[in-house]
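Here are my notes for you to read with the model open. Please follow along and check each point against the coordinates.

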Amino acid sequence: MSELLVTGGQVLRPDLTVERADVLVSQDSGDIVAVDEPGTLDGDDELDAENGLVIPGLVNAHTHVAMTLLRGLADDKPLDAWLQEDIWPVEAELTAEDIRAGAELGLVEMIRSGTTALSDMYFEVEEIAEAVDQAGMRAALGFTAVTVGKDDEGARADLQESLDVARKLDGRADGRVRTTFQPHSLTTVGEEYLREFVPKALDEDLSIHLHANETADEVAPIVDEHGMRPLAYADDVGLLDGDTYVAHGVHVDDSEIDLLAETDTGVAHCPASNMKLASGMAPVQDLLDAGVTVGIGTDGAASNNDLDMFDEMRDAAMLGKLAADDASAVDAGTVVEMATANGADLLGFDSGRIEAGANADLAVIDLDAPHLTPAHDLVSHLAYAVHGSDVRHTVCDGEVLMRDRTVEVFDEVAVRDRAAERAAALVERAES
Ligand SMILES: [Zn+2]
């Protein structure tokens, strides 16, 4: 029996109060054993949280982790042109080894910035699952199916692979990997394929993750073709019947917000990506008021351009206020909950809160910094002032992934070097 004591710090509790406490975690079960007054608990090993704030590990609810290789490759363009001219031609050259290298780089970046769980959409998912296993993190993974531009055989093979991968990888990494069925979006997967494959995913109780209502440009064609709003169409083909969350949900009208709430469909809000691609402002406060579970995602590093969930919390709060035209909308406590408990709910993990019985997924923030002084309100700091680089330790499933800013699960320099080399070779291949 091995127990780790996170000691000497302040702790963010599920009700968003902060108290001086020690946190005892079991490295056998991977759960939090107890949260109690300083000096009352004992562990076999200790993690120093002096002058620190212990928070739940952050949950990145929507990303494409291997896209770190494409970071900074092309910026300052709208979504369609950016995908077609810059991103897809390079992605067509990606090998399994590239995806492994990009995933490892992204996971190191996440560990460094206090993220312990992610929901990913991509391909070569076996490689990503192995990287997640080595990282010691939690993830909801899946193969992203696209049918546009493919013949019937290719289209059906893609959706079948999404089902097969979800079935095969669920429970990997000692249960830290879960899976989702992933039609890429409502415009990139044909209706006949959704009608054929969504019921199969539902029959197997697979969770579903897709992009929806990201740009204004994708709404009109769906209304023209199907005679209904995108999410009504998604519901019509069964996509909202399961344990489903949609990435973005920017251009949703009131009827779609109600539909999300009624069907218990979650939203992974990606504020930085939505701003950078000028996709629009998601009505986050309206979604929350309607009872929709909203998490926060970075989206891929190519449209962000980093995977720092503290940046993302700040962006979510700022953009949410602009969208609502109300400075009290999407407040500090709300974005902290979105990035922790709400994200864990979307992914189906028992993490996102520091309390006995929850997954022992946490990060310790160093409060000893000029930009975090004074400390009137630490929840405000988490939303508006903390950076990913303020994270001192990261723990997932009771295991220490980073101690005193040294990543223990990867050789960080080797990961960075390999990713940089592969990214350079990849771009060279795409251009030749
Ligand atoms: Zn995305």
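This is a predicted model: local features need pLDDT of at least 70, side-chain atom pairs count only at pLDDT 80 or more; totals for chains, interfaces and linings use all residues.

## Notes on the zinc site and strand S4

1. Residues are numbered from 1 along each chain as its sequence is written, and side-chain values use heavy atoms, with hydrogens and water left out.

2. Is His62 buried or exposed? His62 counts as buried because its relative accessibility is 0% (buried is under 20% relative accessible area, exposed over 50%, partly exposed in between, with a 1.4 Å probe and protein chains only). Neighbours within four places in sequence aside, the contacts of His62 include Ser119, His209, His211, Cys270 and Asp299 (contact means heavy atoms within 4.5 Å).

3. His64 belongs to the loop between S8 and helix H1 (79-91). With a relative accessible area of 10%, His64 is buried too.

4. Which atoms hold the zinc ion? The ion is coordinated by NE2 of His62, NE2 of His64, NE2 of His211 and OD of Asp299, at 2.1 to 2.4 Å (donors are N, O and S atoms within 2.8 Å of the metal, or 3.2 Å for Na, K and Ca; water is not among the atoms, so sites may look incomplete). His62 is in strand S8 and His211 in strand S13 (residues 207-212), so this pair ties together parts 149 residues apart in sequence. His211 itself counts as buried, at 6% relative accessibility.

5. The geometry deserves a look: the angles among the four donor atoms run from 82 to 172 degrees, and the site is irregular. For reference, four donors are tetrahedral if all angles lie between 85 and 135 degrees; four are square planar and six octahedral if opposite donors are over 155 degrees apart and all others between 65 and 115; anything else is irregular. The donor spacing in sequence reads H-x1-H-x146-H-x87-D.

6. The unreviewed UniProt entry annotates His62, His64, His211 and Asp299 as "binding site". These residues span 238 residues in sequence, yet no two of their C-alpha atoms are more than 11.9 Å apart, so they gather at one spot. UniProt positions are in the numbering used here, feature names are shortened, and annotations may be inferred rather than shown by experiment.

7. Turning to strand S4 (residues 22-26), five of its five residues are buried. Asp22, Leu24 and Ser26 point one way, and Val23 and Val25 the other. S4 pairs in the antiparallel sense with strand S1 (residues 3-7) over four bridges, with Leu24 as the bridge partner of Leu5 (two strands pair if DSSP finds at least two bridges between them).

8. S4 also pairs with strand S5 (residues 32-36), antiparallel and over four bridges; here Asp36 is the bridge partner of Asp22. The two strands form a hairpin with five residues between them, and Gly30 in the turn has a positive phi of about 75 degrees.
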